[in-house]
Amino acid sequence: MPTDLLFERDRSCLVVIDVQQYFLDKLPAGAAAPLVARIAWMMRVARALGIPIVATAEDIPDNGTLVAEILAELPAGHTVFNKLVFGLYDQADIRAAVEASGRDSFVLVGMETDVCIAHSALGLAGAGHRVAVLEDACASPPPHHDAGLRRMREAGILVTTVKGMHYEWVRDLATLAKLKAAIGTERPAGLTL
């Protein structure tokens, strides 16, 4: 067990799961845009801090790829894995990308909390990785979001927030100043740091 219980940026990888219009359309009115904005902002934070990103989209031929706001935050030429399983660790090419990241701590955001997020979190944890899920950067239609969070907490997955993980990655005022210089001070509506 690590002696530092906080997630360290040099051991972390951000995993962006299935932020596709097909899934966003299932959410209550007004929920999709703030969710996408928080995920995109976390991707900017990760890139600025040198944290790798693994991105998936479920069944791209049928469900479409990631929404434009998320694609725009990926580095040019970055692979979006066509995920054909619910738990990403069960697909060989995605598992290889996770392992190739060289990281042992994975922070999950995206869709849907009770299925692909939960299955992926449990699979990664079962393989011996540390896993956190950002409850305000993942979603499922009610009541499934809360059920998914409860399932993961009961299994020992860390459930935290965008704000909480931001500060775990940043850790000090000097790094915070560098991050602000890199990405600016604009934040998604409703996100208070």
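1. The model is predicted: local features need pLDDT of at least 70, side-chain atom pairs count only at pLDDT 80 or more, and totals for chains, interfaces and linings use all residues. Residues are numbered from 1 along each chain as its sequence is written, and side-chain values use heavy atoms, with hydrogens and water left out.

2. The structure holds zero disulfides, a disulfide being a pair of cysteine sulfur atoms within 2.5 Å. Cys13 is in no disulfide, and the nearest cysteine sulfur, in Cys138, is 16 Å away. Cys13 counts as buried because its relative accessibility is 0%.

3. Strand β4 has seven of its seven residues buried. Helices (H or I, at least four residues) and strands (E, at least two) are DSSP runs, numbered from the N terminus. In a regular strand the side chains alternate between the two faces of the sheet. Ser105, Val107, Val109 and Met111 are buried on one side of β4, and Phe106, Leu108 and Gly110 on the other.

4. β4 is parallel to β1, with six bridges, and also to β5, again with six bridges; strands pair if DSSP finds at least two bridges between them. Leu14 stands opposite Val107 of β4, and Leu108 has Val133 of β5 as its bridge partner. β4, helix α6 (residues 113-126) and β5 form a right-handed β-α-β unit: with the strands pointing away from the viewer, the path from the first strand over the helix to the second runs clockwise.

5. In helix α8 (residues 162-170) the buried residues are Val162, Met165, His166, Glu168, Trp169 and Val170. These residues pack against elements including β1, α2, β4 and α9, where contact means heavy atoms within 4.5 Å. Just after α8, Arg171 has a positive phi of about 75°.

6. The largest nonpolar core has 41 residues, and Leu14, Val19 and Trp169 are among those with the most contacts inside it. Such a core is a set of buried Ala, Val, Leu, Ile, Met, Phe, Trp, Tyr and Cys residues joined through side-chain atoms within 4.5 Å. α2 gives the most to this core, with 10 residues. Apart from this core lies another, of 24 residues, including Val98, Ala118, Leu124 and Val133.

Definitions and conventions. Buried means under 20% relative accessible area, exposed over 50%, partly exposed in between (1.4 Å probe, protein chains only).
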